[in-house]
Amino acid sequence: MREGFNHKGVRFINSQPHNKIAEVIEASTARFDAQCYELYELPPLGSLVKTGDIYGIVSGAKTESLESNRKPIARGKDEASEEAVYESSPQLLKLLHSEFTAEVVGYQDGENLRRYLPPQPARIHGFVYLCQPDEVKEFSKSFGFLDILLNAALPVPAAELIAAALRQMSRIHDDPHAFLVAAGKELASLLSSDFLTLKNILGRLR
Amino acid sequence: MSDRLGIVTAASLEKGVDVRLDSPVSVEDMVVGRYVTIEGQKRRFFGMITEVSLGVTDERLKISPPDVADPFISEVLTGTSTFGQIHVTPMLTIGGDAESILEGPQPVKTIPAHFCTVNLASERDMELVFGPEDPQRFNIGNPLDMETKLCLNLEEFAKRSNGIFGKSGTGKTFLTRILLIGMLQKSRAVNLIFDMHNEYGWQGTSEAGPPVKGLKPLFQSKVAIFTLDEENSRRRGVSTDFVVKIGYDEIEPEDIAILRQTLNLTDLAVEATYQLRRRFGKSWIQNTLETEDSEEIKKLLEETKIHESSLQTLKRGLRTFQRLPFIEPHAPVDAVKSILDHLDRGVNVVLEFGRYRDITAYVLVANMLARRIYAQYQARTEKAMAEGTAAPNPLVITIEEAHKFLNPEVSSQTIFGTIAREMRKYNVSLLVIDQRPSGIDSEVMSQMGTKITCLLDNERDIDSVLAGVSGKSELKSVLARLAPKQQALIFGHAVPMPVAFQPREYGSAQSYKDFTSAGQPEKTEKDIEELWE
């Protein structure tokens, strides 16, 4: 492991010991896929996650069979509730897994928080953490990430993802309305020639 | 509160500067005629808002407008996708280095760079440009929408012929009164006012309420009221200083020439006056009118080679004078001498016309007196120059209905045309008040130093007032949008840049007090302050 990574990794784990939620299983410069440790314990769409010093925004998630050629079969015909299905077949928790994709939107560069692509992609088996409110607050001080999301090839429509991310971020700000207005203005200038997309996003911000 | 308005997005020296407004700035607060400063990289620019417009970044916004009922959406879009724009005409610039600051504002020869900040001009900025109220500068009002005092350097103002224009009822008379008071207090110039409607001397009318004071009650010792109509003055309770009588022998053929239109004379009849003057000498009018006998007329016509119809036309015209009681065969006292005596003592003279408000009397008397006074001034100034002695007090002659004196047909003949053209070579200048500036000879208009104009709505009048001013089309939009009362645009020699303003109040007890005290700065207070320093 690199030295810098080590140092920051220690600090990170010390301050936030309990929210390790997933592990990177595929990584490229612009995005990484991560598998959750617990079935269905997925971070919400648009939430800010971090692996190593790389920040990502959750852009899509799925739950599927561990073996891609073996589809799950319906099991609940004789069960009273959905929970009972899992209780009577506890192996399901091991045969199924939840995965999510995160778009890389920035990284920690020493003291500075960069809101553009990092020089290196994330590492496989890197732990993924859900960012804490102060970290989200710090990250959303500037809207550089909006441009990355607008131009990324996303599994979900960009308008949906951006609106979801901004709604999430607005919750931890003291004045959510002011935050959304500021973000909206940034989007308006990014989308100065595409009013329809802008209208779609703004419509989803409430 | 920050007065930041926006940033420069485009500019050209000829067309002016485009400014995109910041989102918190409401386009509805931007009014044409307001002053802004542009903080360039090396210099500051002063300019006037001359156009306000709306812009969108995407044309589709106009076709499918957003849901403006949602305050969030309208808040986001305001200032980003939809924005306000103003067009600013730069007028002056101040360089950033110490030397240029000392030099003061200079005319604009360049434009600000991209994205320079644009601010609303502060009171300090305005003071920097127009100067504070001081012994030369007189407060004439406030720039539109500002509390700052707009101060005019009246010493400079009085050095040129100036014009006050505006439709009837827009406040020309009030504005003139304010300027006269200013000149009376803050410049060496003395005023001679041909007061056609008896508005300046003792009392003036006000559309809003009771009559307002004239100059005499405010400045007893500095103003003398002369009258042509003693009876009328007495009835109005005006204490006059002198009753002006005019002798037939004082009227010259030139005086008849400018009355050609009002007296409905033919060119030949006007020609005849010169022959008659040569034939009869000084008392030519009297002699002409007294020649009734047909034999005598025949003899006269033969001698002077005047056509009989011309003589009849002329006589008909001259008889108009007989109906004017202030014209007598011989004036008992020389009015011109008395006026000059007052002017020499620094006393301003208001000549009231009483009931004789018709244009014939006004044009005749004003032209005749002004011509003779000007001749005196000319002689005395030349003498002073030759002998190196002091020249007479600068004289400002105020005339109303100026287009009657200065229209293209007669302006070359009247003394006022000469004064306007020769400027202050002989220490005499004009203050011209008129409601139809398009009637004034363009040559005379171009020689005017400072022009103050209230609302005008006739296209030709606007064009003639603004002729030759840089940024004419922009000023035109400002001028056309002045309020119908008590707003005016001033531009020209005495002000560093054009400015739309609201003349200061005139008519309340407090305003009289302010006017009379403005001339005497609190000297004692100042002296005491100096002692403490």
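I began with the contacts in chain B that have a separation of 6 or more, and residues 24 or more positions apart account for 71% of them. I keep in mind that this is a predicted model.

For overall dimensions, I noted that the C-alpha trace of chain B spans about 100 × 65 × 50 Å along its principal axes. Chain B has 533 residues, of which 47% count as buried, and I find 22 helices and 23 strands in it.

Next I followed the sheet. I read an open, mixed sheet of 12 strands in chain B, in the order S9-S8-S23-S22-S21-S10-S20-S19-S11-S18-S14-S15. Which strands are at the edges? I find S9 (150-153) and S15 (242-243) of chain B there, each pairing on one side only. At the S15 end, I looked up its pairing with strand S14 (residues 223-227) of chain B, which is parallel and runs over two bridges; within it, B:Thr227 stands opposite B:Val243.

Helix H6 (residues 172-186) of chain B lies across a series of them, including S8 (137-143), S9, S10 (162-165) and S11 (190-195), and runs at about 150° to S8(B). Helix H17 (residues 415-422) of chain B lies across S19 and S20 of chain B, at about 115° to S20(B).

What does B:Ile399 touch, leaving aside residues up to four places away in sequence? I listed B:Phe194, B:Ala366, B:Phe405, B:Phe416, B:Leu430, B:Val432 and B:Ile433. As a general remark, nonpolar side chains in soluble globular proteins tend to be buried together.

Last, I looked at where the two chains meet, a contact that takes 13 residues from chain B and 15 residues from chain A. On the chain B side, helix H1 (60-63) and helix H2 (71-77) each supply at least two residues, and H2(B) gives the largest share, five residues. How do the residues of this side divide into nonpolar, polar and charged? I count six nonpolar, four polar and three charged.

Terms used. Residues numbered from 1 in each chain as written. Chains lettered and ligands numbered in written order. Predicted model: local features only at pLDDT ≥ 70, side-chain atom pairs only at ≥ 80, totals over all residues. Contact = placed C-beta atoms within 7 Å. Helix = DSSP H or I, 4+ residues; strand = E, 2+ residues; numbered from the N terminus. Nonpolar A, V, L, I, M, F, W, Y, C, P; charged D, E, K, R; others polar. Pairing = 2+ DSSP bridges. Axes fitted to C-alpha atoms, helices over the stretch in contact; angles between N-to-C directions. Buried ≥ 20, exposed ≤ 12 C-beta atoms within 10 Å, placed from the backbone.
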